Each structure stands twice: as structure tokens, then as C-alpha cells.
Amino acid sequence: MRTLQIEDREKIYDIIKSCQTCFLAMSEEDTPYLVPMNFALSDDTIILHSAQNGRLWDTLHKNPKVCLNWLEGGNIVWQDERVGCSYRIESKSVIAEGKVKFIDDYDEKERCLYLLMGQYSSRKFKFNAPAVKNVGIMKVRIEKLSAKEFGAKAVTPWKK
């Protein structure tokens, strides 16, 4: 089984869109912090939301540099079921780096909320003014992007 680099940006974006969760990594001084997040992808920008207070909010205001990760798949596969070193997780992984930009404009926050909900549902939603005002919206423009496929040419999925 091989690890393959994925170069096609559209294929990478398809992996991102297929995921339900992204993992947001940040750092305050020398302490790493990682949280699972809901997200939306709009052009070359990741949209995130959170409360406007707490550890995540404070950390990102001190250091806006972030790394995001998405993982699609997760089946255990192998080349030879008798050889432990041939086992692998069959998956595709995307890593993006950038800087958080906090969005304060009401109309832009509302637009971002529609994009966020569009990642998870085709339903039409409405947001009242307090919901828009009180949510923290962040954008991360993708500055660096990479993706890999792990366990390519897998033989048999693991069965419990």
C-alpha cells in the first residue's frame, strides 16, 4: 500500500466538502491547542464559528496562525493479514494553513452562517439578529494546502 500526494485542488476541495468536522490547531506561546469544528469552504477560505469568548477565542486573538485538518475514510486495510507492519488506515487527509480573520460586519456574518449551514443541510434557514450579533465568525484564507491518500491499492477491509 502506498501513500499518494493529491495535487488537484478540486479533488482536495471535494475531500474537505465530504467531511463533517475539521480540526483546528492553534498555539498560545508554546502550548498547542486543538479543537473539532464545524466549517464551510468558500472559494479558498474556510469559515468557522464559535462563541466570542473562551480559550479558543482568546488564543486566536493572541496568535491568529492556524492549521486545519480533515480526514476522510478510516477503514483498516492490509497487504498481508499475517504481517502487522502491512496494516494501515485507508484514508485521505487534507492540511491547510492560514491566519484567522475575525468578522464583525453583520451582513458578512449572516452570509457566513448561511454558508456554514449549507455544508450540513440543503434546508433554508433564518437567523435572528441576536444570533448573528452574538456568534463569533472567523475566516481562514488558505495560504498553504496539502493532501495525501493513505493505503492506496488496499486489499481487504478490516472486519470485526
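# Questions on a predicted model

Me: Is Met26 buried or exposed?
Reply: Buried stands for under 20% relative accessible area, exposed for over 50% and partly exposed for what lies in between, using a 1.4 Å probe and protein chains only. Met26 has 4% relative accessibility, so the residue counts as buried.

Me: What kind of model is this?
Reply: Residue numbers start from 1 along each chain as its sequence is written, and side-chain values use heavy atoms, leaving out hydrogens and water. Local features need pLDDT of at least 70 and side-chain atom pairs count only at pLDDT 80 or more, while totals for chains, interfaces and linings use all residues, since this is a predicted model.

Me: In which strand is Met26 found, please?
Reply: Helices (H or I, at least four residues) and strands (E, at least two) are DSSP runs numbered from the N terminus. Residues 22-28 form the strand that holds Met26, and that strand is E2.

Me: How far apart are the C-alpha atoms of Met26 and Asn63?
Reply: Let's look at the surroundings first: contact means heavy atoms within 4.5 Å, and beyond four places in sequence Met26 has contacts that include Tyr33, Leu56, Leu60 and Val66. Met26 and Asn63 are 37 residues apart along the chain, with their C-alpha atoms separated by 7.7 Å.

Me: Is Glu29 buried or exposed?
Reply: Glu29 lies in the loop between E2 and strand E3 (31-37). Its phi is near 55 degrees, a positive value in a residue other than glycine. With 75% relative accessibility, Glu29 counts as exposed.

Me: And which loop holds Asp43?
Reply: Asp43 has a positive phi near 55 degrees, and this residue is not glycine. At 66% relative accessibility Asp43 counts as exposed. Its place is in the loop between strand E4 (40-42) and E5.

Me: Which residue of E8 is the bridge partner of Ile47?
Reply: Two strands pair if DSSP finds at least two bridges between them. Strand E5 (residues 45-50) pairs with E8 in the antiparallel sense over 6 bridges. E8 (residues 136-141) has 5 of its 6 residues buried, so the rest of the structure largely encloses this strand. In E8, Ile47 has as its bridge partner Lys139.

Me: How many residues does the largest nonpolar core have?
Reply: A nonpolar core is a set of buried Ala, Val, Leu, Ile, Met, Phe, Trp, Tyr and Cys residues joined through side-chain atoms within 4.5 Å. In the largest one, Leu24, Ile46, Leu48, Leu60, Trp70 and Met138 have the most contacts inside the core, and the number of residues is 29.

Me: Which residues of helix H2 are buried, and how wide is the arc that they cover?
Reply: In H2 (residues 55-62), the buried residues are Leu56, Trp57, Thr59 and Leu60. They sit on the same side of H2, because the arc around the axis, taken from the directions from the helix axis to the C-beta atoms, is only 165 degrees.

Me: What is the distance between the side chains of Ser93 and Asn69 in their polar contact?
Reply: Ser93 is in strand E7 (residues 87-103) and, at 13% relative accessibility, counts as buried. A polar contact is a pair of N or O atoms within 3.5 Å; within protein, one must be able to donate a hydrogen and the other to accept it, and residues adjacent in sequence count only if both atoms are side-chain atoms. The side chains of Ser93 and Asn69 are joined by such a contact of 3.1 Å.

Me: How many disulfides does a search of the whole structure find?
Reply: A disulfide is a pair of cysteine sulfur atoms within 2.5 Å. The search over the whole structure finds a total of 0.

Me: Which cysteine has the sulfur nearest to that of Cys19?
Reply: Cys19 counts as buried at 4% relative accessibility. Cys19 is in no disulfide, and 9.0 Å away is the nearest cysteine sulfur, that of Cys22.

Me: How far apart are Val132 and Leu113, C-alpha to C-alpha?
Reply: Val132 is found in helix H4 (residues 129-134) and counts as buried at 0% relative accessibility. Beyond four places in sequence, Val132 touches Tyr106, Lys109, Glu110, Leu113 and Phe127. Val132 and Leu113 are 19 residues apart in sequence, and their C-alpha distance is 8.0 Å.
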